[in-house]
Amino acid sequence: IRDLVRSRGLGDVYKRQSLDGLLARIRNDWRSLQREPAPDRAGMLRSELAEARKLTEELRHRLLSAAPPDASAARYMTGMEDAVRFAPYRDAFTGLYNREGFDTLAGAELKRCRRYDRSFGLLLLETEATDLAQLRGTIGTLQSLLRGYDLVSRYSDRRLAVGLPETDGAETRRIAARLLRALDGEGKRPVRRLAYALMPDDGATLASLLEAAEKGLEG
């Protein structure tokens, strides 16, 4: 089913998604809502459930129209339809890296930067998004202003993490300011807070940088 699953947000990365990935994301966001009930979390979960329902309906209609179901449907249902797009390091709803993917890739970039005595910047953004369309719009703005090799992730249900390889403190601050200006210019204030951390100033590992940035969000 080549074009069974289509999203409406940030281009080709959303064209096909695995229902396994969607359901995993829903499960994670439901747990977050249980731990910390909030209207925006409930709104996001509602939006994700609606999208998953739409995708299952499309799959159902495709299967009903096939007699018998063809091999492409079987590949889709078993998660084999595109191993790269269905990789476990991707967030199923946004196409960004998920937490595991970001930790792996940012950790590798940090090792490279340490080896060659290069700097590294980390941004954490806490979003105000209450549905997928709003979240994807925020992500689209971010990606339009970042470099192709920067690492962008949906780190948790409402937090985005951005890794900035070979970026010193001054440039990290400029990037952060540019992102905030662009997002505020949309008039919707989609980011509640932003904080950053630097290597080597705030630590030499991803865990230490995340801890410093999280403190900045809480401060």
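This is a predicted model: local features need pLDDT of at least 70, side-chain atom pairs count only at pLDDT 80 or more; totals for chains, interfaces and linings use all residues.
Biologist: How many helices and strands does the protein have?

Modeller: Helices (H or I, at least four residues) and strands (E, at least two) are DSSP runs, numbered from the N terminus. The protein has seven helices and four strands.

Biologist: How is the packing of two helices described?

Modeller: By the angle between their axes and the distance between the axes. Axes are lines fitted to C-alpha atoms, for helices over the stretch in contact, and angles run from 0 to 180 degrees between N-to-C directions. Here H5 (residues 132-145) packs with H6 at about 140 degrees, the axes being 10 Å apart. That makes H5 oblique to H6; angles under 35 degrees count as roughly parallel, over 145 as roughly antiparallel, 65 to 115 as roughly perpendicular and the rest as oblique.

Biologist: Is Thr-172 buried or exposed?

Modeller: Buried means under 20% relative accessible area, exposed over 50%, partly exposed in between (1.4 Å probe, protein chains only). Thr-172 lies in H6 (residues 169-185), and at 0% relative accessibility it counts as buried.

Biologist: Which residues does Thr-172 touch?

Modeller: Contact means heavy atoms within 4.5 Å. Not counting residues up to four places away in sequence, Thr-172 touches Gly-121, Leu-123, Leu-164, Thr-167, Tyr-196 and Leu-198.

How values were computed
Residues are numbered from 1 along each chain as its sequence is written. Side-chain values use heavy atoms; hydrogens and water are left out.
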